[in-house]
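Me: Could you go through this protein with me? I would like to begin with the overall layout and then turn to single residues.
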Amino acid sequence: MTAAKIIGAVVGTTVLAFGLDHVISDRKLFGGTTPSTVSNQAWWQETDKKFQSWPRVAGPPVVMNPISRQNFIVKSRDE
């Protein structure tokens, strides 16, 4: 009996949350429009090109000591 009430409450809450999200976000209950940066496919492609062209630079691997909050650079055995 208790499991049925819990499962029913979870399912009901999920349906209610989905319904409210759909009405507020997709149907624009409070007005507004979708920004052009979201709806414009060309903008997405240009942004993706920009991020893919940036060089990716990383520092050496670091191990953190969570107790003293000190970081130690991990050196390879060759050095």
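Reply: The overall layout comes first, followed by some single residues. Please note that this is a predicted model.

Me: How many helices and strands are there in the protein?
Reply: The protein has three helices and two strands. Along the sequence they follow the pattern α-α-α-β-β.

Me: And how much of it counts as buried?
Reply: Of its 79 residues, 1% count as buried. The protein exposes about 7600 Å², and carbon and sulfur atoms supply 62% of that area.

Me: Now to Val23. In which helix is it found?
Reply: Val23 belongs to helix α1, which covers residues 2-26.

Me: What does Val23 touch?
Reply: Leaving aside residues up to four places away in sequence, Val23 touches Lys28 and Leu29.

Me: New topic: how many aromatic pairs are in the whole structure?
Reply: A search of the whole structure finds one aromatic pair. Trp43 and Trp44 form this pair, which is edge-to-face, with 5.6 Å centre to centre and 80° between the planes.

Me: Which accessibility class do those two belong to?
Reply: Trp43 counts as partly exposed because its relative accessibility is 37%. Trp44, at 42%, also counts as partly exposed.

Me: Last one: what lies over the face of Phe51?
Reply: Lys50 lies over the face of Phe51, at 5.1 Å from the ring centre.

Terms used
Residues numbered from 1 in each chain as written. Predicted model: local features only at pLDDT ≥ 70, side-chain atom pairs only at ≥ 80, totals over all residues. Heavy atoms only, no water. Helix = DSSP H or I, 4+ residues; strand = E, 2+ residues; numbered from the N terminus. Contact = heavy atoms within 4.5 Å. Buried < 20%, exposed > 50% of the residue type's maximum accessible area, 1.4 Å probe, protein only. Areas by Shrake-Rupley, 256 points an atom, 1.4 Å probe, with all protein chains shown as cover. Phe/Tyr/Trp six-rings, centres within 6.5 Å; stacked < 30°, edge-to-face > 60°. Lys NZ or Arg CZ within 6 Å of the ring centre and 35° of its normal.
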